[in-house]
Amino acid sequence: MDILNAIVALSNFVVIPALAYGAQLALGALGVTLIYGILRFSNFAHGDTMAFGAMATILLTWWLQSLGVSFGALPTALLALPFGIAVTALFVLGTDKVVYQFYREKKVKPVVLVIVSMGVMFMMNGIVRFIIGPDDQNFADGARFIITARDFKEMTGLDEGLAFKTTQGITIVTAIIVVALMFWFLNRTRTGKSMRAYSDNEDLALLSGINPERVVMITWIIVAALATIAGVLYGLDKSFKPFTYFQLLLPIFASAIVGGLGSPIGAIVGGFVIAFSEVTITYAWKKVLVYMLPEPLEPSSLVQLLSTDYKFAVSFVILIIVLLFRPTGIFAGRSG
Amino acid sequence: MTLPLRNVLLFGLVFLLIIGVGFLQGWNVALGIVNMGLISAIMALGVNMQWGYAGLFNIGVMGFVALGGLAAVLIGMPPVTEAWAAGGARVLAALAIGAATIAAAVYVWQHMARGWLRTGLLLALLIGGFFIYRAVFDPAVAAIEAVNPAGTGFLGGLGLPVLMAWPVGMALAAGAAWLIGKTALGLRSDYLAIATLGIAEIIIAVLKNEDWLSRGVKNVIGIPRPVPYEVDLQGNPDFVARMQSLGADPAAGSAIVVKLAYAALFLIVLAALIWLAEKALNSPWGRMMRAIRDNEIAAEAMGKDVTKRHLQIFVLGSAVCGLAGAMMTTLDGQLTPGAYQPLRFTFLVWVMVIVGGSGNNFGAVLGGFLIWFLWVEVEPLGRLLMDVVTAGMADGSWLKAHLLESAAHMRLFTMGLLMVLVLRFSPRGLIPER
C-alpha cells in the first residue's frame with residue numbers, strides 16, 4: 001500500500017508535470033532545431049515567436065468567448081489555435097522577407113544571423129507587449145481537471161490523491177499528434193524529404209532541383225505552427241506572460257543542444273531530459289521517501305536538492321555536462 | 001568627409017541631444033542620462049573587447065554586471081556583527097566544504113584510471129559532500145537570516161570605502177569569467193552564447209535567493225556613497241551661500257552637484273579605460289587578437305594559442321563589465337536583484353556595440369551614449385506620438401486608452417528596429433573599425 005501511495009505521489013508531483021513541461025519544451029526545441037537545420041542559425045527570437053503565437057491565439061479566444069462559442073470541456077483556445085497559427089505564419093514569413101532573406105542571399109556568417117535575430121527578438125517582444133501588455137493573461141476555460149485528487153482518492157481508496165489537469169492531458173496528447181505529424185511529413189512526403197535533403201547538403205539539394213526559397217518558406221510555416229502550439233500549451237498549463245516566454249529560451253535551447261542541434265528526435269528527447277531533471281531536482285522528496293522508507297530512516301527535512309528558483313541552473317548544468325562529454329549532443333547533431 | 005571629422009560630428013550630435021534634454025526636461029534629467037551613459041559606455045567597451053576584438057559571443061553580460069553590483073554591497077555596507085556571530089563562520093566553513101568537495105572530485109577525475117571504481121568514488125564524493133555541505137550550510141543560513149530580518153538578515157559587507165568595490169567587482173567578474181571560460185570557450189559560438197546566457201541567469205538566481213549574502217529580493221539599500229549627500233550639502237552654509245550667489249536654488253543645485261561629482265568619477269574611469277583599450281588594440285597583442293578573430297586556423301598555424309588568448313580576452317572583457325556593474329550600484333546606492341533583466345543588461349549592451357560599431361572603442365562608447373539616450377527618451381517621445389495619434393479619437397474609447405498605456409513598450413521595438421536597420425544598411429556600425 002505504501003509503495004502504491006509513493007508511486008501515486010511521484011506521478012502527481014513529478015511525472016505528470018514533467019511530462020507536460022517536457023512536451024512543451026520539446027515542441028519549442030523542435031522549432032529551434034528546424035531553423036538551425038534549414039536556415040543554419042540559432043534563432044534567439046524563438047521564445048518571442050512563441051509569445052506572439054500565444055498572443056494571437058489568446059486574442060481570438062477572447063473574441064470567440066465574447067461570442068459565446070465554447071468547446072465543451074476543452075478550452076476554447078484549441079478552436080482558435082489554427083487561426084493563431086495562420087496569423088503567426090504570416091507574421092514570421094513577413095519577417096523573413098523583410099529581414100532574413102537579405103542576409104541569406106548575401107550568404108553571411110551564421111553568427112551575423114544570430115545577431116540579427118536578437119534585433120528581431122527585441123521587436124517581437126515590443127510588439128507583443130504593445131498589443132497585449134506585459135501582464136499575466138488568463139485564457140483557459142472548460143473543465144479544469146480530468147481527475148481531481150479527491151475523486152482519485154475515493155476511486156482507489158489510497159491516501160494520496162492524483163490530480164490530472166485537463167491542460168496537462170491536452171498538452172501531452174497534442175504533442176504526440178504534432179510530433180507524429182512532423183515525422184510523417186519529414187519522412188514520407190516529397191516536401192519533407194526535400195527539406196531533409198536541403199538540411200543535409202545544400203549544394204546537392206540545389207543541384208537536384210530543390211527550390212531553396214520554397215524549403216525556407218515551408219520551414220517558417222512549420223516553425224510558426226510549432227511555436228504557436230508550444231506557446232498556447234504552455235500558456236494554458238501555466239499562464240501567459242510575455243517575459244516568461246523570453247525566459248523559456250534557455251531551457252528550449254538547452255533541450256535542442258542536449259539532443260543535438262539539427263536533429264528532430266534529439267529535440268524531443270532533449271526536451272524531456274531537461275524537463276525531468278528540472279522537476280526531479282527541485283522537487284521536495286519528503287513525501288515519497290516517507291512512504292518508501294522504514295520509519296527510523298524517514299527524513300525530517302524536505303529533501304529538496306535545490307530550491308525551485310534554481311531550475312535554470314539545472315538546465316544549464318545538464319547542458320554543460322553534455323557539451324563537455326558529447327559536444328554534438330545525444331543524437332549527434334551538426335557540430336560545424 | 002574624413003573619418004575623424006565624421007566621428008567628432010557624431011559625438012557632437014549626441015552631446016547636443018543631451019544638452020537639448022537639459023533645456024527641455026531639466027539638467028537633473030540630462031545629467032542622469034550622462035551618468036548612465038558613461039556606465040553604459042564602459043559596459044559596451046567590455047562587450048566590444050570580447051566581440052569586436054576577438055569575436056566571442058557573450059550574452060551573459062547581465063551576470064557580470066550583477067557580480068560587480070554584489071561587490072559594491074560586500075565592500076561598502078557595514079558588517080552585521082550579530083549575523084556574523086550567529087552563523088558567519090559556519091557559512092564560510094560550508095562554502096569551504098563545497099569547494100573542497102568539487103576540488104576532490106576534479107582530482108579523482110584527473111588522477112584515477114577510468115573505470116567503475118572512479119565513477120563510484122566520484123559519485124560518493126559528490127553526493128556525500130553535497131549532504132555534508134547542506135547540513136552545515138542550512139542551519140547557518142537560517143541563523144543569519146533570523147537576525148533582524150526586516151532590517152538586515154544578511155552578513156553585510158566589510159564597511160570599506162565603496163570606491164574599493166570597483167576593482168573588487170572587476171575581480172569577481174573576472175573570476176567568474178575564468179571559470180566559465182575554462183569550461184565553455186572551446187565550444188562553438190552558439191553554444192558559448194547559450195552557456196553565458198545560462199550562467200547570467202544563475203548568478204541572478206543566486207543574488208535573488210541567497211538572502212544571507214545579498215538580502216535577496218528584499219534589496220540592499222543605502223550603500224554608502226563616494227560623494228557627499230544632497231542633504232549634507234543643503235545643510236552646509238558655505239554651499240548654500242555659493243549657490244545663492246550663483247542665483248540657483250540650493251536644493252536643485254545640490255542634486256546637480258552630486259550628479260556632477262559622479263560624472264567626474266565615471267569620466268576618469270572611462271578615459272583611463274579608453275586609453276588602455278586603444279593602446280592594447282593598436283599593439284601587437286591587439287593585432288594578434290584581430291588575426292585570431294578573422295581566421296582562427298591561420299592564427300593557430302602561426303603558433304598562437306587561440307584558446308588561451310580567447311580565455312584572456314573573455315576574462316578582461318567580463319572584468320570591465322563587472323567594473324561597470326559596481327559603478328552602477330554605487331550610483332544607485334542600492335542593489336535590487338529583481339531589477340536585473342537580460343533585455344536591459346545584456347541585449348541592450350549588444351545593441352550599443354552593434355549600433356556604435358564593433359571593433360572600434362570609440363564606436364562602442366558612442367553607442368553606449370546614443371542607445372542609453374534613446375532608451376530613456378523613446379518613452380516620452382512615444383507618449384507624445386501616441387498623444388498625436390489619439391488626438392482625434394473620442395475620450396474613453398478603449399483603443400485610445402490602450403494606445404496611451406502601451407506607449408511605454410515602444411522602446412523595445414525601437415531598439416530592435418534600430419539594430420536591424422544598422423545591421424542592414426551599415427553593418428559595421430556608426431564608427432566602423434579601422
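B:Asn148 counts as exposed, because its C-beta neighbours inside 10 Å number 12. In this predicted model, B:Asn148 sits in the loop that runs between α5 (116-146) and α6 (165-184) of chain B. The phi angle of B:Asn148 is near 45 degrees, which is a positive value in a residue other than glycine. Most residues other than glycine have a negative phi.

A positive phi also occurs at B:Arg215, near 65 degrees, again in a residue other than glycine. B:Arg215 is placed in the loop between α8 (211-214) and β1 (220-221) of chain B. Buried or exposed, with 25 other C-beta atoms within 10 Å? B:Arg215 is buried, whereas B:Asn148 is exposed.

## Chain B overall

Chain B contains 18 helices and two strands. Its radius of gyration is 25 Å, close to the 22 Å that the globule rule gives for 434 residues, so chain B is as compact as a globular protein of that length. Along the principal axes, the C-alpha trace of chain B spans about 75 × 60 × 55 Å.

Of the 434 residues in chain B, 44% count as buried. Among contacts in chain B with a separation of 6 or more, 82% are between residues 24 or more positions apart.

## Domains of chain B

Chain B is divided into two parts: domain 1 covers 3-79 + 156-425, and domain 2 covers 80-155. The centres of domain 1 and domain 2 of chain B, taken over C-alpha atoms, are separated by 34 Å.

At the contact between these domains of chain B, domain 1 supplies seven residues and domain 2 supplies twelve. The side of domain 1 of chain B that touches domain 2 has three nonpolar, two polar and two charged residues.

## Packing of α2 and α14 in chain B

Two packed helices are described by the angle between their axes and the distance between the axes. Helix α2 (residues 27-53) and helix α14 (residues 306-332) of chain B pack at an angle of about 170 degrees, and their axes are 8 Å apart. The angle makes α2(B) roughly antiparallel to α14(B), because angles over 145 degrees count as such.

Residues of α2(B) in this contact include B:Ile39, B:Ile42, B:Met43 and B:Tyr53. Those of α14(B) include B:Ile313, B:Phe314, B:Val320 and B:Leu331. By class, the residues of the contact of α2(B) with α14(B) divide into 17 nonpolar, five polar and no charged.

## Chain A overall

Chain A has 14 helices and two strands. The radius of gyration of chain A is 21 Å, close to the 20 Å that the globule rule gives for 336 residues, so chain A is as compact as a globular protein of that length. Taken along the principal axes, the C-alpha atoms of chain A fill a box of roughly 70 × 55 × 35 Å.

Buried residues account for 47% of the 336 residues in chain A. Of the contacts in chain A with a separation of 6 or more, 75% come from residues 24 or more positions apart.

## Contact between chains A and B

The contact takes 35 residues from chain A and 32 residues from chain B. On the side of chain A that touches chain B, the elements giving two or more residues are α3 (77-106), α4 (110-132), α11 (249-259) and α14 (311-325) of chain A. α4(A) gives the most to this side, with 15 residues.

The residues on the side of chain A that touches chain B divide into 26 nonpolar, seven polar and two charged.

Methods:
Residues are numbered from 1 along each chain as its sequence is written. Chains are lettered from A and ligands numbered from 1 in the order in which they are written. This is a predicted model: local features need pLDDT of at least 70, side-chain atom pairs count only at pLDDT 80 or more; totals for chains, interfaces and linings use all residues. Two residues are in contact if their C-beta atoms, placed from the backbone, lie within 7 Å. Helices (H or I, at least four residues) and strands (E, at least two) are DSSP runs, numbered from the N terminus. Ala, Val, Leu, Ile, Met, Phe, Trp, Tyr, Cys and Pro count as nonpolar, Asp, Glu, Lys and Arg as charged, and the others, Gly among them, as polar. Axes are lines fitted to C-alpha atoms, for helices over the stretch in contact, and angles run from 0 to 180 degrees between N-to-C directions. Angles under 35 degrees count as roughly parallel, over 145 as roughly antiparallel, 65 to 115 as roughly perpendicular and the rest as oblique. Domain bounds come from an automatic or database domain assignment. The radius of gyration is taken over C-alpha atoms; the globule rule is 2.2 Å times the number of residues to the power 0.38. A residue is buried if 20 or more other C-beta atoms lie within 10 Å of its own, exposed if 12 or fewer, and partly exposed in between; C-beta atoms are placed from the backbone.
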